[in-house]
Amino acid sequence: QVQLVESGGGLVQPGGSLRLSCTASGIIFSNYVVTWFRQAPGQERELVAAITTNRGTKYADSVKGRFTISRDNAKNTMYLQMNSLKTEDTAVYFCLIAGTWGQGTQVTVSS
């Protein structure tokens with residue numbers, strides 16, 4: 001049974017930074033593509049970034065150059081470093097691994 005625990009969300013001013021973490025248990029983490037999604041109020045859930053088992057990465061156009069996805073297979077953990085945050089980045093952020101969603105963590109960018 002896959003379990004995911006997210007952390008790192010919060011309130012930050014525009015231009016600030018946050019790092020999200022998602023730690024998995026119950027799977028061989030290194031075998032899976034891991035992905036971050038986000039969902040803003042009233043909007044569809046959207047892909048933010050993904051990282052493959054070979055550490056190839058993919059980003060939504062809206063976050064390219066500002067966000068970095070990474071993984072530490074020894075810790076069964078994936079990260080999303082978010083820099084130069086904008087108000088439009090405000091959303092609940094979810095990790096997805098092996099068909100299982102994390103519980104979500106709120107990111108609010110506001111002055």
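Biologist: Which residues touch the most other members of the largest nonpolar core?

Modeller: Trp36, Met78, Leu80, Met82, Tyr93 and Ile97, out of 29 residues in that core. A nonpolar core here is a set of buried Ala, Val, Leu, Ile, Met, Phe, Trp, Tyr and Cys residues joined through side-chain atoms within 4.5 Å. Buried means under 20% relative accessible area, exposed over 50%, and partly exposed in between, with a 1.4 Å probe and protein chains only.

Biologist: Which strands each supply at least two residues of this core?

Modeller: E3 (18–25), E4 (34–39), E5 (46–51), E7 (67–72), E8 (77–82), E9 (91–97) and E11 (105–109). Strands are DSSP runs of at least two residues, numbered from the N terminus.

Modeller: Before we go on, this is a predicted model: local features need pLDDT of at least 70, side-chain atom pairs count only at pLDDT 80 or more, and totals for chains, interfaces and linings use all residues. Residues are numbered from 1 along each chain as its sequence is written, and side-chain values use heavy atoms, with hydrogens and water left out.

Biologist: Back to Ile97. What is Ile97 in contact with, leaving aside neighbours within four places in sequence?

Modeller: The partners include Val2, Leu4, Cys22, Phe29 and Met78. Contact means heavy atoms within 4.5 Å.

Biologist: New topic, the open sheet. What is the strand order?

Modeller: E1-E3-E8-E7, 4 strands with antiparallel pairing. Two strands pair if DSSP finds at least two bridges between them.

Biologist: Which strands stand at the edges?

Modeller: E1 (3–7) and E7. Each has a single partner strand, so one side of each lacks a neighbour in the sheet.

Biologist: And E3 with E8, over how many bridges do they pair?

Modeller: Over 6 bridges, in the antiparallel sense. Arg19 stands opposite Gln81 in E8.

Biologist: Now Asp89. Buried or exposed?

Modeller: Buried, at 0% relative accessible area. Asp89 sits in the loop between E8 and E9.

Biologist: What does the Asp89 side chain reach?

Modeller: The Arg66 side chain, through a polar contact of 2.7 Å. The Asp89 side chain also reaches the backbone nitrogen of Lys86 at 2.8 Å. A polar contact is a pair of N or O atoms within 3.5 Å; within protein, one must be able to donate a hydrogen and the other to accept it, and residues adjacent in sequence count only if both atoms are side-chain atoms.

Biologist: Last one. What is phi for Ser84?

Modeller: Near 50°, a positive value in a non-glycine residue. Most residues other than glycine have a negative phi. Ser84 is partly exposed, at 41% relative accessibility.
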